[in-house]
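The sequence and the structure are shown below.

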Amino acid sequence: DDATFTTDAATIPKPAASTGSASSVGASSARVSSTVNANGVRTSVVFEYGTSTSYGAKTAAINAGSDSAARTIAATLSGLTPRKTYHYRVRATNAGGTTLGADRTFTTTALPIAGLSTGGVTDLTPTSATLFGRVDPNGRPTTAYVEYGTTTKFGKRTPSVAVGASTTAIPLAIAIPGLTPN
């Protein structure tokens, strides 16, 4: 006679995932990591991140493989705001479901300030002088000016001069006219 049977429902294991540390944290980027075990099922990973535990942004999906070994998965987050605290976590997904890693945080650094070194004085006359120095904009739009006066309180300054956004030091000469003789 004809007979029927029903197999037990297969249980597909969810991936195991834990949020790792952040490294190479700068003013606008950071590298985040995780440990993921796909548990034998093709698994993808994204990192969720943002300035709160609502996250709001995520990386593109990263293939975490389909083996049963723990592996490190990392991604670089870019376009971040300087001097902000960011939350992030790993989200690993396969046919068995989704596993969320714990929330972790890092704080981006401040943008580097311009570097400056004062130089000498040339073209010195009784009523004018030209001052030399070097300015390193550190990749940010920068302006420079000279403060001067007859005491350490200075009291006067030249108009600002646009230096640009170079990543190397630029020599700068600023003339100071209208000085009082002696």
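Three strands form an open sheet in the order β1-β2-β6, and their pairing is antiparallel. Strands here are DSSP runs of E with at least two residues, helices are runs of H or I with at least four, and both are numbered from the N terminus. Two strands pair if DSSP finds at least two bridges between them. β1 (16–23) and β6 (70–78) stand at the edges with a single partner strand each, so one side of each is left without a neighbour in the sheet. On average, neighbouring strands of this sheet are turned by 25° against each other, direction ignored; the axes are lines fitted to C-alpha atoms, and angles run from 0 to 180 degrees between N-to-C directions.

The model is predicted: local features need pLDDT of at least 70 and side-chain atom pairs count only at pLDDT 80 or more, whereas totals for chains, interfaces and linings use all residues. Residues are numbered from 1 along each chain as its sequence is written, and side-chain values use heavy atoms, with hydrogens and water left out.

**The two sheets**

Ala16 stands opposite Asn37 in β2. Another residue of β2 is Ser34. Ser34 counts as buried because its relative accessibility is 2%; buried means under 20% relative accessible area, exposed means over 50%, and partly exposed lies in between (1.4 Å probe, protein chains only). Leaving aside residues up to four places away in sequence, Ser34 touches Ser18, Thr19, Gly20, Phe47, Arg71, Thr72, Ile73 and Val90. Contact means heavy atoms within 4.5 Å.

A further open sheet has 3 strands in the order β10-β11-β16, with antiparallel pairing. Its edge strands are β10 (115–122) and β16 (170–176), each of which pairs on one side only. Neighbouring strands in this sheet are turned by 25° against each other on average, direction ignored. β10 is joined to strand β11 (residues 129–136) by 6 bridges, and the two run antiparallel. Gly115 stands opposite Asp136 in β11.

**The chain as a whole**

The protein chain contains 0 helices and 16 strands. Its radius of gyration is 30 Å, well over the 16 Å that the globule rule gives for 182 residues, so the chain is more spread out than a compact globule. That radius is taken over C-alpha atoms, and the globule rule is 2.2 Å times the number of residues to the power 0.38. Along its principal axes, the C-alpha trace spans about 120 × 25 × 20 Å. Of the 182 residues, 30% count as buried. Among contacts between residues at least 6 apart in sequence, 60% join residues at least 24 apart. The chain exposes about 11300 Å², of which carbon and sulfur atoms supply 52%; accessible areas come from the Shrake-Rupley method with a 1.4 Å probe, and for residues only the protein chains shown count as cover.

**Salt bridges**

Side chains of opposite charge can pair when their charged atoms come close. A search of the whole structure finds 3 salt bridges, each defined as a side-chain nitrogen of Lys or Arg within 4 Å of a carboxyl oxygen of Asp or Glu.

| Salt bridge | N to O distance |
|---|---|
| Arg89 and Glu48 | 2.5 Å |
| Glu48 and Arg91 | 2.8 Å |
| Asp67 and Arg71 | 3.0 Å |

Salt bridges that share partners join Glu48, Arg89 and Arg91 into one network. Arg89 in strand β7 (residues 85–94) and Glu48 in strand β3 (residues 44–50) are 41 residues apart, so this pair links distant parts of the chain. Both Arg89 and Glu48 are buried, and Glu48 has a relative accessible area of 10%. Arg91, at 28% relative accessibility, counts as partly exposed. In the remaining pair, Asp67 is partly exposed at 31%, and Arg71 is partly exposed at 32%.

**Backbone features in loops**

Most residues other than glycine have a negative phi. Tyr55, although not a glycine, has a positive phi of about 60°. Tyr55 lies in the loop between β3 and β4 (57–58) and is buried, with a relative accessible area of 11%. Asp123 likewise is not a glycine and has a positive phi, of about 50°. Asp123 is found in the loop between β10 and β11 and is exposed, with a relative accessible area of 55%.
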